[in-house]
Amino acid sequence: MIFFLIIAVIAAVAGIAMVAARNPVHSALFLVLNFFCLAILYLTLNAQFLAAIQIFVYAGAIMVLFLFVITLLNPGREAYGTRLPAQRPLAVVLGLALLAEVVLLLQSGTVSALLGKFPPARPFVEQFSQPGLISNAPSGLGNTQALGAELFTAYLLPFEITSVLLLIAVVGAVVVAKRQLR
């Protein structure tokens, strides 16, 4: 438990440092530290496959993508004096409007009605807490196969939403970089 708490504190500090860092490359490195801490936490939960995927996919491939976008945008060459003076107050107003929208949406019950159409998701720890055993896994399937079956059936919508968001982020970064080169 002490080891778990130490790693959890390191992960939390790395997350806060990632947001607080002014240099985007330092921020990306703090995110890598956070990913490694999460992989260690997965190992303490006896989820070796998820720990390996955390390292290979997130700390490897996704961070290469992030660093590519950071390099492509080259935030160091931005001129700070060219911003519109009304930009910050407008951003605050739009942010508060978005927050109010989210609160109203959650209070209306629309989200819970929409989520009610999907099969109920079992808590992660309940699904993968016993080594080599998943409660509803068909016989003959190991952890990896059962995890893949869950990912592409019960969790297909969040998986696809995440992939679309990553695609939008990359396309947006390329458009912004191309606009800056003109």
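Helix α3 carries a kink of about 30 degrees, centred on Met 63. The bend at a residue is the angle between axes fitted to the seven residues ending there and the seven starting there. This is a predicted model, in which local features need pLDDT of at least 70 and side-chain atom pairs count only at pLDDT 80 or more, while totals for chains, interfaces and linings use all residues. Residues are numbered from 1 along each chain as its sequence is written, and side-chain values use heavy atoms, with hydrogens and water left out.

Start with the overall fold. The protein has eight helices and zero strands. Helices (H or I, at least four residues) and strands (E, at least two) are DSSP runs, numbered from the N terminus. Of the 182 residues, 16% are buried. Buried means under 20% relative accessible area, exposed over 50%, and partly exposed in between (1.4 Å probe, protein chains only).

Now return to α3. This helix spans residues 48-73. Its 26 residues reach 36 Å from first C-alpha to last, close to the 38 Å expected at 1.5 Å a residue. The expected span is 1.5 Å times one less than the number of residues. The buried residues of α3 are Leu 50, Ala 51, Gln 54, Ala 59, Ile 62, Met 63 and Val 69. Leu 72 also lies in α3. Leu 72 counts as partly exposed because its relative accessibility is 29%. Leu 72 is 104 residues from Val 176 in sequence, yet their C-alpha atoms are 9.3 Å apart.

Met 63, at the centre of the kink, also belongs to the largest nonpolar core. A nonpolar core is a set of buried Ala, Val, Leu, Ile, Met, Phe, Trp, Tyr and Cys residues joined through side-chain atoms within 4.5 Å. The six residues here are Ala 28, Leu 31, Val 32, Phe 35, Ala 59 and Met 63. The largest share, four residues, comes from α2.

Next, the surface. Ile 2, Ile 6, Ile 10, Phe 30 and Leu 33 form a nonpolar patch with about 430 Å² of accessible area together. Patch residues have over 30% relative accessible area and no salt bridge; like charges are joined within 9 Å, nonpolar side chains (Val, Leu, Ile, Met, Phe, Trp, Tyr) within 5 Å. A salt bridge puts a side-chain nitrogen of Lys or Arg within 4 Å of a carboxyl oxygen of Asp or Glu. Areas come from the Shrake-Rupley method with a 1.4 Å probe; for residues, only the protein chains shown count as cover. Helix α1 (2-20) gives the most, with three residues. Leu 33 sits in α2 and is partly exposed, because its relative accessibility is 36%.
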